[in-house]
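Please work through the exercises below with the sequence and the three-dimensional structure at hand. Each task is followed by a solution in steps.

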Amino acid sequence: MENLAAILDRNADRRPDKVVLTDARGSLTNADLLARVNALAEGLVDLGVRRGDRVALLMSNRIEFIEALFAITRVGAAFLPLNTRLAPAEWTYILGHSQARAVIADGDLVGRLDPLLGELPDLSAAVSIDGVQPGWSSYDELLAAHAGAQVEVVDVAGSELQRLMYTSGTTSYPKGVRISHANVIWKNLGLMIEFGLTFEDVTAVPGPLYHVGALDMGGLATLHAGGSLVLLPRFDTAELVRVIEQHRATTVWLAPAMVNALLQHERTATADLTSLRVIMSGGEKMPEARLKQMLDLLPGVWFADAYGLTETVSSDTFMPREAMRRKLGSVGKPLSHQRVRIGDAEGRDVPCGTVGEVLLRGPKVFSGYWGDPQVNEGVFVDGWFRTGDLGRLDEDGFLYIEDRKKDMIVSGGENIASPEVERALYEHPDIVEAAVIAHPDERWGEVPHAFVVLRAGATLSTEEIQEFCRTRLARFKVPKYLTIVPELPRTASGKVVKRRLRDAPTVQED
């Protein structure tokens, strides 16, 4: 299996002058990108990065993210994208758990990250992109010092780690998903087959590159096909419309919350979006009313609603173009070389139309979680990945997702594990018990809602809880709603009955 980074050499050989990357500050051709990746790769080696090491990226959407990704991959190391919205304590856990060797960060995030470095004995190099920071290497100086370098692409086995992505699951701490070169390449090839991606495609990227939605549903596959990316620093509806018009974007990935924002924006109805041929979506269940609105607004566009997970590099099923209206509410059929079936509690097939667990198998399915042998127990059954999601297949083989993973909240396309929020709440001295559920939200789809039992005589407001949690959790994980209860409903065995919490009428709102 060839190293993923080799796609840059091919693209630069075929079309050296083609503009392939654009962000708010400028553009790069294929030749420019390859030259800068080579320089950065040699610079990282000089900093001590070796094959098999993990190198973290903490940055917003910008050209340097793609450069660093390929430079790390080129030398046989694995890149580790960090969610910029996490709290410093969460970064510390991920960097420590992954035993990251180096980190590359935006200058405006260095101040938040720098105090943590002393707690991370495995971290031996830190690179700042904007300006010079004491104790940090300068990204620009690293490239300048190694300009003209020619770094051979390290030959790798398909099973070798290309990426380590931490995702919220059903545990108190995020889990490191092991993604190999073969996983990513098979995913790219599947998308190229599904959507006919070529060097003429232009993909707009409004979602964060640290997420599989933006990075993998179109992003890397477009580059693999020789196409171009236009990176938005953050999601902004008006800016997305402008980018599609100016750059004649042909594809884009949008989380359901982004689709809703696009539908509501005043510019959308009059904008020239005729260059778009495919909109990929996913991350949470799309309301059927929104699907109908999108299909009516852009009748010539293939709206490919999808199902996928970080563990499978996203893109497990897509809605075929010809079935968009006929199978409204489905997430479609499997990507090429991917298999989907529905199993019972023991993983055995269930009858057509019966709701059961969604099981996945194929060359883009991950091999397991990083450093957590206990977590890996029970993840696979007879070679099939147990997603924990509930779904059904109809008589035509179309997948319908009925419910998500237990205790998972999906807010604006981001996964929030309820135990993760509960762990933070339990650190408060006045909280005796805590349980967190998903609360419907018009803008974000869902937000965390905390139910807490307080110590006798204690009082806490929603604002006090939120302020406490902000030092331990990313802002989007902080409970928006709070209900104080005398006790949590439990089964005879002591398990919290969250179903009853979802029916609770009393809410203290921020």
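The model is predicted, so local features need pLDDT of at least 70 and side-chain atom pairs count only at pLDDT 80 or more, while totals for chains, interfaces and linings use all residues. Residues are numbered from 1 along each chain as its sequence is written, and side-chain values use heavy atoms, with hydrogens and water left out.

**Exercise 1. Determine how the rings of phenylalanine 195 and tryptophan 302 are arranged, and which parts the pair ties together.**

Step 1. Apply the rule for ring pairs: rings of Phe, Tyr and Trp (its six-membered ring) pair if their centres lie within 6.5 Å; planes under 30 degrees apart count as stacked, over 60 as edge-to-face and the rest as tilted. The rule gives eight aromatic pairs.

Step 2. The ring centres of phenylalanine 195 and tryptophan 302 are 4.7 Å apart and the planes stand at 55 degrees, so this pair is tilted.

Step 3. Locate the two residues. Helices (H or I, at least four residues) and strands (E, at least two) are DSSP runs, numbered from the N terminus. Phenylalanine 195 belongs to helix H7 (residues 181–195) and tryptophan 302 to strand E14 (residues 302–304), so the pair ties together parts 107 residues apart in sequence.

Step 4. Check accessibility, where buried means under 20% relative accessible area, exposed over 50% and partly exposed in between (1.4 Å probe, protein chains only). Phenylalanine 195 is buried because its relative accessibility is 3%; tryptophan 302 is buried because its value is 10%.

**Exercise 2. Classify the pair formed by phenylalanine 195 and phenylalanine 318.**

Step 1. The centres of these two rings lie 4.9 Å apart and the planes are at 85 degrees, so the pair of phenylalanine 195 and phenylalanine 318 is edge-to-face.

Step 2. Phenylalanine 195 lies in helix H7 and phenylalanine 318 in strand E16 (residues 317–318), so parts 123 residues apart in sequence are tied together. With 0% relative accessibility, phenylalanine 318 counts as buried.

Step 3. Elsewhere, a cluster of Phe366, Tyr369, Phe380 and Phe385 is linked by ring pairs.

**Exercise 3. Identify which rings lie under arginine 15 and arginine 392.**

Step 1. The criterion is that NZ of Lys or CZ of Arg is within 6 Å of the ring centre and within 35 degrees of the ring normal.

Step 2. Arginine 15 is over the face of phenylalanine 199, 3.6 Å from the ring centre. For arginine 392, the charged end sits over the ring of tyrosine 400, at 4.2 Å from its centre.

**Exercise 4. Describe how helix H1 meets helix H2.**

Step 1. Axes are lines fitted to C-alpha atoms, for helices over the stretch in contact, and angles run from 0 to 180 degrees between N-to-C directions. The axes of H1 (residues 6–14) and H2 (residues 30–46) come within 8 Å and cross at roughly 140 degrees.

Step 2. List the contact, meaning heavy atoms within 4.5 Å. H1 contributes Leu8, Asp9, Asn11 and Ala12, and H2 contributes Asn30, Ala31, Leu33, Leu34 and Val37.

Step 3. Sort these residues by class: Ala, Val, Leu, Ile, Met, Phe, Trp, Tyr, Cys and Pro count as nonpolar, Asp, Glu, Lys and Arg as charged, and the others, Gly among them, as polar. The contact of H1 with H2 holds six nonpolar, two polar and one charged.

Step 4. Ala6, Ile7, Leu8, Asn11 and Ala12 are the buried residues of H1. They pack against H2, helix H3 (63–74) and helix H8 (212–224).

**Exercise 5. State whether aspartate 106 is buried or exposed, and what it touches.**

Step 1. Aspartate 106 is in the loop between strand E5 (102–105) and helix H5 (107–113).

Step 2. Its relative accessibility is 3%, so aspartate 106 counts as buried.

Step 3. Not counting residues up to four places away in sequence, aspartate 106 touches Leu58, Met59, Ser60, Arg62, Ile129 and Asp130.
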